[in-house]
Amino acid sequence: MAATMTGEQPGPRQTRTGLVRTLLDRFGHLVREMSKFATVGGVAFLIDFALFNYLTSSRGVEELTAKTISTVIAASVAFVGNRFWTWRHRQRNNPAREYALFFLFNAVGLGIAVACLAISRYGLGSIWPAVFETRLADNVASYIVGTGLGTLFRFWSYRRFVFVEAGTPTVPQVMPDRDHGA
């Protein structure tokens, strides 16, 4: 009998009963990845928030410059956390490629949040300004809806394109047509 990766001998397969157990058996790895992804994202958010406020209030750095610095540092921390913890079991590829794609997909996720804010403020706000042109509506649209949708997109894109599984082609392979010359 072959040993598992942890060195343990596999035993008879135990049957779990119930819907929750069935779902955990089938999607447990995905739940663990999502939990790690959320933890890394939470740490990166706290770094971004704290660093931005420190730079603007204590160091007198202009807001856009401070936001750029805090975002790049927080995204770099998120990259390291996702590469070496969330998806450490995935094959290592070209780190420069992974980092560039990571920032590209971060930019798309940011665009999703900004689009949600724009739809709320300028689209729905033109219909019902008393509700959708408020700070509360801006925060809900941007931080809850936009960040939520952007996070789902980032999780999917990092998992699919940045931190790929071994054997997953990163670029579609084009096969030459052998009959073309005949």
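This is a predicted model: local features need pLDDT of at least 70, side-chain atom pairs count only at pLDDT 80 or more; totals for chains, interfaces and linings use all residues.
Local features need pLDDT of at least 70, side-chain atom pairs count only at pLDDT 80 or more, and totals for chains, interfaces and linings use all residues. Residues are numbered from 1 along each chain as its sequence is written, and side-chain values use heavy atoms, with hydrogens and water left out.

Start with the fold. The protein chain has five helices and zero strands. Its elements run α-α-α-α-α from the N terminus on. Helices here are DSSP runs of H or I with at least four residues, strands are runs of E with at least two, and numbering starts at the N terminus. Contact means heavy atoms within 4.5 Å. Among contacts between residues at least 6 apart in sequence, 63% join residues at least 24 apart.

Next, the surface. The chain exposes about 12900 Å², and carbon and sulfur atoms supply 66% of that area. Accessible areas come from the Shrake-Rupley method with a 1.4 Å probe; for residues, only the protein chains shown count as cover. Of the 182 residues in the chain, 24% are buried. Buried means under 20% relative accessible area, exposed means over 50%, and partly exposed lies in between (1.4 Å probe, protein chains only).

Now look inside. In soluble globular proteins, nonpolar side chains tend to be buried together. A nonpolar core is a set of buried Ala, Val, Leu, Ile, Met, Phe, Trp, Tyr and Cys residues joined through side-chain atoms within 4.5 Å. The largest such core holds 14 residues, of which F37, A78, W87, F102, Y158, V162 and F163 touch the most other members. At least two residues of this core come from each of α1 (19–58), α2 (63–86), α3 (95–127) and α5 (135–162). The largest share, four residues, belongs to α2. Take W87. Leaving aside neighbours within four places in sequence, W87 is in contact with E33, F37, N82, F155, Y158, R159 and F163.

Then the open space. A 1 Å grid over the protein atoms alone defines two kinds: a cavity is a set of points where a 1.4 Å probe fits but cannot get out, while a pocket is an open set with protein on both sides within 12 Å along at least five of seven lines. Lining residues have an atom within 4 Å of a point. Grid points are joined across faces, edges and corners, and a volume is the space filled by probe spheres set on the points. The largest pocket has a volume of about 1200 Å³. It is lined by 36 residues, and F45, D48, K67, L110 and R154 are the closest to its centre. Helices α1, α2, α3 and α5 each give two or more residues to this lining. The largest share, twelve residues, comes from α1. By class, the lining has 21 nonpolar, twelve polar and three charged residues. Ala, Val, Leu, Ile, Met, Phe, Trp, Tyr, Cys and Pro count as nonpolar, Asp, Glu, Lys and Arg as charged, and the others, Gly among them, as polar.

Stay with R154. This residue is found in helix α5. R154 is buried, because its relative accessible area is 15%. Beyond neighbours within four places in sequence, R154 is in contact with F37, F105, N106, G109, L110 and T147. R154 and G109 are 45 residues apart in sequence, yet their C-alpha atoms are 6.3 Å apart in space.

Finish on helix α3. L104 has its place there. With a relative accessible area of 46%, L104 is partly exposed. L104 and R154 are 50 residues apart in sequence and 9.9 Å apart, C-alpha to C-alpha. A118 also lies in helix α3. Its relative accessibility is 30%, so A118 counts as partly exposed. The C-alpha atoms of A118 and S142 are separated by 8.8 Å, with the two residues 24 apart along the chain.
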